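Notebook open, model loaded. I'll jot down what I look up as I go.

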Amino acid sequence: MSTPASPLSEHPSVAVIGGGVMGETLVSAMRVAGWPGSSITVVDRNAERLATLADAHEVATAGAAAEAAAGAGVVLLAVKPQQMAEVLDEISAAVTPGTLVVTVAAALPSSFYERHLPAGTPVVRVMPNTPAVVGRGATSVSAGAAATDDHLALVETMLQATGLVVRVPEENIDAVIAVAGSAPAYFFAVVEALTEAGVMQGLDRELASTLAQQTFTGAAQLLAESGDTPQELRRRVSSPGGTTLAALDAMTHAGLQGVISAGANAAVSRSKELGAELAG
Ligand SMILES: NC(=O)C1=CN([C@@H]2O[C@H](COP(=O)(O)OP(=O)(O)OC[C@H]3O[C@@H](n4cnc5c(N)ncnc54)[C@H](OP(=O)(O)O)[C@@H]3O)[C@@H](O)[C@H]2O)C=CC1
Ligand SMILES: O=C(O)[C@@H]1CCC=N1
């Protein structure tokens, strides 16, 4: 690492282990939040990807997780849950009493990290989502056993360019995954489904896709900017005896709430199942 620093200094050095979708999103956010590129070191086992990341965000790179973690104020773990044990065993010897460990992985409880790392290591779990890339994310942060309010505040600073950041107790993270972490994919799936419905009604596929995307992104922006509730905005589209109420009635009878709840419940179940599988 280039700039060893206390984790609670303003811009402590950060080792990012895993430069995939979330690793890159958070590197980009930290750069916007004022972290100098020289204070961020990224590791990814794909050399080409690593070079692209270094180029795009002007950050340092390292060849191995332990090398990046040595001397880092913060180690940010952004690998898949299934890859985590291997990474923790690799970095454990480089983690000192001053190191803050931050993880974005689903499923694994903070106790899993604490078991693999030196006693007393502060761990903060973060559950982001991909709209963080455009500063419209919805992210939760939760403290492990040794993490303090100061550690949470530092992580909030690291995430300040990602959008909304809320603190939740760790027991709520699976619910946050269901409602925020995984949820952008539900939205994209609904855009795809409406496009398909438009094609079935006779529209050209490209036109159906353009109309569905513009409508949903426009509706999301309206919701974000108007300050009105979804209920009120829905009411304004719905003329008595008109087409919208006919559509919404049909969706309700087809089980809209049940479909969404089934998805959220499945996300929670999978997180718990994966956690039990990997953490024992
Ligand atoms: N994507 C999302 O929307 C969200 C993801 N998360 C969490 O973020 C974490 C990362 O997910 P995501 O970014 O999507 O995954 P990606 O697969 O895109 O990124 C992980 C990266 O880490 C690399 N990697 C794995 N093991 C090592 C290692 N030992 N040393 C160096 N690099 C390594 C992977 O390489 P390789 O491809 O070769 O395995 C890959 O490039 C997950 O734990 C997930 O639960 C949380 C919220 C949202
Ligand atoms: O699908 C996953 O497991 C990860 C966690 C939340 C979003 N992506």
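How do the residues of the shell around ligand 2 divide into nonpolar, polar and charged? I looked this up in what is a predicted model, and I got two nonpolar, two polar and no charged. The residues surrounding ligand 2 are Ala 106, Ile 177, Gly 181 and Ser 182.

Next I checked the domains. The chain splits into domain 1, residues 14-173, and domain 2, residues 183-271. I noted 34 Å between the C-alpha centres of domain 1 and domain 2.

Then I turned to helix α9. I found that α9 runs over residues 205-226, which is 22 residues. From first C-alpha to last, α9 reaches 31 Å, and I compared that with the 32 Å expected at 1.5 Å a residue: close. How many of the 22 residues of α9 are buried? I counted one, so α9 is hardly covered, with buried taken as 20 or more other C-beta atoms within 10 Å. Just after α9 I came across Gly 227, which takes a positive phi of about 80 degrees.

I listed twelve helices and eight strands. Along the principal axes, the C-alpha atoms fill a box of roughly 65 × 40 × 35 Å. Of the 280 residues in the chain, 35% are buried. I also looked at contacts between residues at least 6 apart in sequence, and 65% of them join residues at least 24 apart.

Definitions and conventions. Residues numbered from 1 in each chain as written. Chains lettered and ligands numbered in written order. Predicted model: local features only at pLDDT ≥ 70, side-chain atom pairs only at ≥ 80, totals over all residues. Near = placed C-beta within 6 Å. Nonpolar A, V, L, I, M, F, W, Y, C, P; charged D, E, K, R; others polar. Helix = DSSP H or I, 4+ residues; strand = E, 2+ residues; numbered from the N terminus. Expected span 1.5 Å × (residues − 1). Buried ≥ 20, exposed ≤ 12 C-beta atoms within 10 Å, placed from the backbone. Domains from an automatic or database assignment. Contact = placed C-beta atoms within 7 Å.
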